[in-house]
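This report describes one protein chain for a reader who has not seen it before. Please look over the sequence and the structure first.

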Amino acid sequence: MCLYGDGIFAIHDMPTFDMQVGKTVRKRVDMLKLADLLDGFAVMGVDIAVLEAVGGRPKQGASAAFVLGYSVGLVAMGLMAARIPLETVVPQTWKKIMKMPGKKGAESDKVYSDAIKARGQELFPQHRDKFEGPRGGVKLDRVEAAALAMFAHRHVLGTMRPDPEWRLAYK
């Protein structure tokens, strides 16, 4: 997700490929496409990347937790290789500031998804089409990514050092 001011500049889903794991086909991060995407962001002059500080979920299996950690590590390393500074923020912080509904207290997945969809339409009324799938369903991850990007623009960029050579620290 890239923002220009408070408007959406570009939306990219995580590049993935299908991998056979036992008898099941699973999605995995495509490292080469991710590297190309992040290099493109660096060329465009992206100032910072802000990732949600995620962790394993209760009752999540060790394999799923490993895959999540591995994927987050790929993104972090890709950002460092592209010389794009990285900040992390816990979901409780950015969601509270952006008034983005959380799963806690949601009566059902439907209530949760409807609340996120409504908040996304409030924050980005001109970009509703970017949050819909090919059959019209809402892509909640895109809505949350856009809200996190807006949080970064409004609350993280303003706290960065004004040093024009700040990228040297990442070289």
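## An aromatic pair in a helix

Phe66 and Tyr70 both belong to helix α2 (residues 62-81), where they sit 4 residues apart, about one turn of the helix. Helices here are DSSP runs of H or I with at least four residues, strands are runs of E with at least two, and both are numbered from the N terminus. The model is predicted: local features need pLDDT of at least 70, side-chain atom pairs count only at pLDDT 80 or more, and totals for chains, interfaces and linings use all residues. Residues are numbered from 1 along each chain as its sequence is written, and side-chain values use heavy atoms, with hydrogens and water left out.

A search of the whole structure finds 2 aromatic pairs. One of them, Phe66 with Tyr70, is stacked, at 6.1 Å centre to centre and 20° between the planes. Rings of Phe, Tyr and Trp (its six-membered ring) pair if their centres lie within 6.5 Å; planes under 30 degrees apart count as stacked, over 60 as edge-to-face and the rest as tilted.

Phe66 counts as exposed because its relative accessibility is 59%. Tyr70, at 45%, counts as partly exposed.

## The chain as a whole

The protein chain holds 5 helices and 6 strands. Along the sequence their pattern is β-β-β-β-α-β-α-β-α-α-α. Of its 171 residues, 29% count as buried.

Strands β3 (residues 16-21) and β4 (residues 24-29) pair in the antiparallel sense over 6 bridges; pairing requires that DSSP finds at least two bridges between the strands. Thr16 stands opposite Val29, and Val21 stands opposite Thr24. This hairpin has 2 residues between its strands, and Gly22 takes a positive phi near 65°.

## Nonpolar cores

A nonpolar core is a set of buried Ala, Val, Leu, Ile, Met, Phe, Trp, Tyr and Cys residues joined through side-chain atoms within 4.5 Å. The largest one has 19 residues, and those with the most contacts inside it are Trp94, Met100, Leu123 and Phe151. Helices α4 (109-123) and α5 (140-156) each supply at least two residues of this core. α5 gives the most, with 8 residues. A second, separate core of 11 residues includes Leu38, Leu74, Leu79 and Ile84.

Contact means heavy atoms within 4.5 Å. Apart from neighbours within four places in sequence, Met100 is in contact with Trp94, Lys95, Ile116, Arg119, Leu123, Val143 and Ala147.

Among the buried residues of α5 are Arg142, Glu144, Leu148 and Phe151.

Most residues other than glycine have a negative phi. Arg83 has a positive phi although it is not a glycine, and Lys99 likewise has a positive phi without being a glycine. Arg83 lies in the loop between α2 and β6 (86-89), whereas Lys99 is found in the loop between α3 (91-97) and α4.

| Residue | Phi | Relative accessible area |
|---|---|---|
| Arg83 | about 65° | 33%, partly exposed |
| Lys99 | about 55° | 62%, exposed |

Notes:
Buried means under 20% relative accessible area, exposed over 50%, partly exposed in between (1.4 Å probe, protein chains only).
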